[in-house]
Amino acid sequence: MPESCHTSPAAPVSPDARTLALVGHPNVGKSVLFHRLTGTYVNVSNYPGTTVEVARAAARFDRAASMLDTPGVLALPSRSEDERATMRALLNENLRLIVQVGDAKNLRRTLNLTALLTELGVPLVMALNMTDEARARGVTVDVEALAETLATPVVATVATGGEGVAALTEALPHAKAPAPMLRYDTETEQAIHTVTALIAERAPHPHLAARGLAILLLGRDKEVASWISAQAGGAEILAKVEEIAPLVGRESLPARLARERGRAAEALAKTVSQQSAGADRTLSLLVGQLAVHPIWGWPLLLLMLLVVYFFVGDFGAGTLVGLLEEDFFGEILNPAVTTFVQTHLGSGWLSELFVGEYGLWTMGMTYALALILPIVTTFFLAFGVLEDSGYFTRLSVIANRAFGAIGLNGRAVLPMVLGLGCVTMATLTTRILNTPRERLITTFLLALAIPCSAQLGVVFGVLGGISFGAAAIWGVCIVLILLVTGWLAGKLVKGQRVPLITELPPMRLPVLGNVLKKTSGRLKWYLVEVIPLFLLGTFIMFVLDRLGVLPWIIEAGKPVVTGWLGLPSEASAAFVMGFLRRDFGATGLFALGNQLSMIQAVVGMVTITLFVPCVASVMIIFKEQGWRTAVLMLAIIMPVAFFVGGVVNHVLHLFL
Amino acid sequence: MTPPPPPHLERIRLTGTPTGRSVRLAEFGEEIDPLQREQLLAYGLSGAQSITVLQQRPMTVVLCEHMELALERDVAQHIWVEAE
Ligand SMILES: Nc1nc2c(ncn2[C@@H]2O[C@H](COP(=O)(O)OP(=O)(O)O)[C@@H](O)[C@H]2O)c(=O)[nH]1
Ligand SMILES: [Mg+2]
């Protein structure tokens with residue numbers, strides 16, 4: 001989400017301060033607790049994979065300590081990109097305390113992770129979160145008994161309501177290095193023992209116990225392996241691991257370790273928790289099942305899209321924009337500003353710079369404030385509600401088959417849907433995907449065909465103003481392009497498709513405060529990042545216009561723009577604007593407004609939707625995929641955009 | 001000739017389990033790739049865990065403890081379960 005588009009708001013802490021890390025499964029409330037414990041808000045949403053990078057802030061209760069919010073781990077040893085980020089933090093930070101955030105209604109799974117964390121030799125506190133949901137499902141956990149067994153504090157919490165947070169803060173200083181939860185079988189223990197001794201002697205870690213590292217290493221944790229290999233005696237240790245790994249039994253060592261931890265977790269969970277019968281039919285479960293139902297799932301999706309369309313396209317882009325742009329800016333503000341500027345600056349180029357055709361105020365600020373701001377505000381509100389409800393993950397179930405056709409699986413739904421908020425952030429979220437192949441294809445599709453919120457708003461504004469049909473045609477075009485290019489990409493990019501296994505977080509009632517906080521955070525991002533770019537873009541257009549380059553570009557673009565795409569020649573200017581940001585380009589088309597026929601509007605919007613991704617997201621693609629891939633993507637995207645635009649133009653003329 | 005009675009309860013594929021039924025996890029087939037097997041374990045599908053099948057299409061959705069898990073057919077058909 002846009003949050004990562006601006007720099008992290010974390011309070012400054014010195015890098016070698018004592019570090020406390022929140023660690024736990026995805027979607028258990030780590031980020032909510034982080035907010036409670038530090039006062040720093042990081043994105044909170046009801047789906048796994050919200051946090052893909054470590055966030056850091058000074059703790060409220062001890063300004064000298066630095067608190068980390070880590071990406072959720074399904075299990076350790078780390079496998080996926082985001083799990084590795086967490087492992088890296090554990091290895092490289094000045095770690096003094098781990099706060100495991102657990103899910104009280106899934107105690108067995110929580111303890112499965114605890115079984116590994118207790119081996120790290122770092123003081124541990126368990127925040128047993130979601131106790132409200134556990135209660136609603138008839139689950140009770142004997143917190144004292146659990147604390148007794150682990151020999152470390154365990155505090156029941158409801159992070160969203162703040163329950164137990166004070167107790168948690170008080171418990172932190174009492175944390176001790178916990179008692180290990182299990183002994184593995186004799187053979188495995190021997191292997192662990194050998195590696196532990198080697199690590200302790202050749203490559204001791206400043207904070208983490210050698211035994212914990214040995215277990216991770218034998219479990220094939222790539223981050224631990226790379227840390228070890230960077231130590232002086234590392235190569236020898238890794239060689240030893242290779243040597244003993246195949247010796248232990250039929251089952252692979254990592255599987256064996258994991259199984260034993262699972263067994264220990266199950267046994268402990270059984271003794272400290274109770275399930276009262278008959279309490280597991282909750283409303284949340286029913287709604288959730290409806291959302292993934294083979295038949296009812298579809299009407300529900302349609303209903304959701306319609307509601308969003310009417311709220312954003314009709315109310316935001318229609319009513320609000322009408323009030324702001326036409327009535328307030330058009331009738332009152334802009335004439336006043338124009339008169340003011342002209343009386344003070346005369347009517348030369350200087351006043352043109354502010355209030356002319358490509359004026360910083362009349363174009364740049366008016367676009368940003370009167371056209372796009374109301375649209376993105378409504379969009380962010382709707383998006384925040386959906387995010388918090390947990391609906392997005394459920395979408396992956398009904399979309400899985402369609403994504404199968406393009407060589408991906410339903411997990412890719414999440415980055416794609418998040419792309420509708422901000423493509424830049426969504427590109428980062430591709431880290432939750434399991435293979436490099438899935439990441440590459442998804443990144444490409446995001447860059448090509450997923451419009452971000454600002455752009456979506458403009459599209460709604462232009463097409464919604466014409467007819468619902470026009471917006472629907474645009475939607476169908478974009479979906480078709482996604483399917484076709486995705487299918488091609490799936491064929492071209494080597495590698496196998498991975499079948500989907502995913503957790504479906506419970507449907508929850510959105511928390512109003514959280515939705516508002518997210519929306520205002522995103523709006524702030526919009527104002528800080530987008531407005532300067534709009535102003536810069538306007539300035540460039542002004543200069544091009546003054547230098548006489550713009551008419552020349554419009555002339556040069558004629559064969560493509562007028563001939564192939566069938567648009568008025570002024571639309572070329574919009575495409576030039578689109579280089580900076582697609583939504584800026586789309587706004588340029590919006591400004592042509594009533595000069596466009598229905599077909600022209602659809603063709604223009606399809607083309608500009610596919611057009612180059614915004615500067616920020618190109619930079620993220622560079623960072624995540626390397627410059628070769630980024631350049632290749634750009635080289636594919638531009639011609640495809642114009643090609644498809646033309647095809648749509650000709651096809652629509654055949655039928656309409 | 002009648003086949004000898006099965007030594008345990010009969011094993012069926014997860015995909016063959018009727019919706020609404022609770023079953024016990026028996027085994028993961030060899031066809032499931034080791035990484036995915038680990039993932040299943042991490043989600044808590046281990047031991048003789050009891051799971052409830054919520055639906056079979058478009059994906060198999062099961063309730064395991066209080067977590068809903070969606071599994072693609074390719075995986076679910078290689079998970080063997082037995083009646084409780
Ligand atoms: N009912 C309930 N919901 C919670 C609780 N803690 C967090 N949540 C919700 O769980 C979801 C995930 O929270 P988040 O902090 O983003 O989880 P993270 O992935 O672990 O960082 C959000 O929708 C929260 O509002 C809790 O104690 N009770
Ligand atoms: Mg988080």
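## Strands in chain B

B:Arg24 stands opposite B:Glu82 in β6(B). Strands and helices here are DSSP runs (E, at least two residues, for strands; H or I, at least four residues, for helices), numbered from the N terminus. Strand β2 (residues 22-28) of chain B holds on to β6(B) through five bridges, with the two running antiparallel. Pairing here means that DSSP finds at least two bridges between two strands.

## What you're looking at

This is a predicted model, where local features need pLDDT of at least 70 and side-chain atom pairs count only at pLDDT 80 or more, while totals for chains, interfaces and linings use all residues. Residues are numbered from 1 along each chain as its sequence is written, chains are lettered from A and ligands numbered from 1 in written order, and side-chain values use heavy atoms, leaving out hydrogens and water.

## Where chain B meets chain A

The contact (heavy atoms within 4.5 Å) takes in 38 residues of chain A and 31 of chain B. Together the two chains bury about 3,100 Å², 54% of it on carbon and sulfur atoms. Buried area is the accessible area, with a 1.4 Å probe, that two parts lose on being put together, summed over both. One strand pairing also crosses between the chains: β9 (residues 501-504) of chain A runs antiparallel to β5(B), joined by four bridges. In that pairing, A:Thr502 stands opposite B:Ala70.

On the chain B side, the elements giving two or more residues are α1 (34-42), β3 (50-55), β4 (60-64), β5 (67-71) and α2 (73-76). The biggest giver is α1(B), with seven residues. By class, that side has 17 nonpolar, eight polar and six charged residues. Nonpolar covers Ala, Val, Leu, Ile, Met, Phe, Trp, Tyr, Cys and Pro, charged covers Asp, Glu, Lys and Arg, and the others, Gly among them, are polar.

## Salt bridges between the chains

Four salt bridges cross the interface of chain B and chain A. The rule wants a side-chain nitrogen of Lys or Arg within 4 Å of a carboxyl oxygen of Asp or Glu. One such pair is A:Arg79 with B:Glu38, at 2.7 Å from N to O.

The side chains of A:Arg108 and B:Glu65 also form a salt bridge, at 4.0 Å, N to O. A:Arg108 sits in helix α3 of chain A and B:Glu65 in the loop between β4 and β5 of chain B, so this pair joins two chains.

## Inside chain A

Chain A is split into domain 1 (2-174), domain 2 (186-275) and domain 3 (297-655), with bounds from an automatic or database domain assignment. The C-alpha centres of domains 1 and 2 lie 23 Å apart. Here 34 residues of domain 1 touch 27 residues of domain 2, burying about 2,600 Å² between them, 61% of it on carbon and sulfur atoms. Three salt bridges cross this interface.
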